[in-house]
Amino acid sequence: MLQLLPAITLFHTIGTMLSTNPFVRVFALDFSKAFDTVRHSTLLDKMAQLNIPDEVYNWIVDFYTGREHATKFRGEMSAFAELLSSVIQGSSLGPASYIVTAADLRPQHADNEIIKFADDTYFIIPATNSSTSEQELDHIHSWATNNNLQLNSTKSKEIVFFAQRGRFNTAQRPPLCKGIEQVDSVTALGITFNSRFAVSEHVTKVLSSCSGLLYALVTVGQLFHVS
């Protein structure tokens, strides 16, 4: 249930904006290898500003300091290189470290919203603020550069939601921003939905996966029964 809360927040925010806007723009942003590029010095500077005990902060500093990497192949070992970025995959600090890194990424204009869940980032802009989209994306590019991250425009997508009141011609879509493709459906936080809030594609995928698993279980059961 907790995994659904970010998706519910996303849907609620879009729905609330649509009550007073003819359309809402949602940018699903992709940061290339986000967890691998978190710079330790930047992360620790942001950690130092949090209200956490000194011993906890010092433990985190020790956790990220003095880490090295080497590659071994066919008996040959490379020289060790100091790791100055990336969170430790699989560690409990990993997602939290990225969340702290991204905490200061905020909208530049009132009424625009941003929803973040680990490295999933969704920028939501109502029709009244549509003209601010380019400026907001420029700010995100600058923020990413300052934090050793890279916004991948080719993998980022935009989906436009329209109010169901006939006040806006859906053919008059907002122009593209920074080369980010506009799509009719996206997968956000593990749920595939389209610009009409329909999740039929997601349901079809889930049912197809369940059908495949059931077929495999039946087949295995029959093999054991025969034997």
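Let me open with a residue in a loop: serine 130 lies between strand 7 and helix 5. Please keep in mind as we go that this is a predicted model.

Is serine 130 buried or exposed? Serine 130 has a relative accessibility of 15%, so it counts as buried, the cut-off for that being under 20%. If we set aside its neighbours within four places in sequence, serine 130 is in contact with Phe23, Arg25, Ile125 and Pro174.

Now look at serine 131. This residue is also in the loop between strand 7, residues 120-126, and helix 5, residues 133-146. Serine 131, though, has 70% relative accessibility and therefore counts as exposed, since exposed means over 50%. There is a spatial relation to point out here too: from C-alpha to C-alpha, serine 131 and proline 175 are 9.8 Å apart, while 44 residues separate them in sequence.

Let me step back for the whole chain. The protein has 6 helices and 11 strands. It has 227 residues, and 37% of them count as buried. Take the contacts between residues at least 6 apart in sequence: 66% of those join residues at least 24 apart. As for the surface, the protein exposes about 13,600 Å², with carbon and sulfur atoms supplying 57% of that.

On to helix 2, then. Which of its residues are buried? They are His40, Thr42, Leu43, Leu44, Lys46 and Met47. The cover over these buried residues includes helix 3, helix 4 and helix 5.

Helix 2 spans residues 40-48 and helix 3 spans residues 54-64; they pack at an angle of about 175°, and their axes are 11 Å apart. The two helices are therefore roughly antiparallel to each other. On the helix 2 side, the contact is made by His40, Leu43, Leu44, Met47 and Ala48, and on the helix 3 side by Tyr57, Ile60, Val61 and Tyr64. Sorted by class, that contact has 8 nonpolar residues, 1 polar residue and no charged residues.

What about helix 4, residues 93-102? Here the packing angle with helix 2 is about 80°, and the axes are 9 Å apart. That is why helix 2 is described as roughly perpendicular to helix 4. In this contact, Leu43, Lys46 and Met47 of helix 2 meet Ser97, Val100 and Thr101 of helix 4. The residues divide into 3 nonpolar, 2 polar and 1 charged.

Where is asparagine 147 found? It is in the loop between helix 5 and strand 8, residues 157-162. With a relative accessible area of 4%, asparagine 147 is buried. Its side chain makes a polar contact with the side chain of lysine 46, at 2.6 Å. A polar atom of the asparagine 147 side chain also lies 2.8 Å from the backbone oxygen of tryptophan 143. Not counting residues up to four places away in sequence, asparagine 147 touches Thr37, Arg39, Thr42, Lys46 and Thr101.

Notes: Residues are numbered from 1 along each chain as its sequence is written. Side-chain values use heavy atoms; hydrogens and water are left out. Helices (H or I, at least four residues) and strands (E, at least two) are DSSP runs, numbered from the N terminus. Buried means under 20% relative accessible area, exposed over 50%, partly exposed in between (1.4 Å probe, protein chains only). Contact means heavy atoms within 4.5 Å. Accessible areas come from the Shrake-Rupley method with a 1.4 Å probe; for residues, only the protein chains shown count as cover. Axes are lines fitted to C-alpha atoms, for helices over the stretch in contact, and angles run from 0 to 180 degrees between N-to-C directions. Angles under 35 degrees count as roughly parallel, over 145 as roughly antiparallel, 65 to 115 as roughly perpendicular and the rest as oblique. Ala, Val, Leu, Ile, Met, Phe, Trp, Tyr, Cys and Pro count as nonpolar, Asp, Glu, Lys and Arg as charged, and the others, Gly among them, as polar. A polar contact is a pair of N or O atoms within 3.5 Å; within protein, one must be able to donate a hydrogen and the other to accept it, and residues adjacent in sequence count only if both atoms are side-chain atoms.
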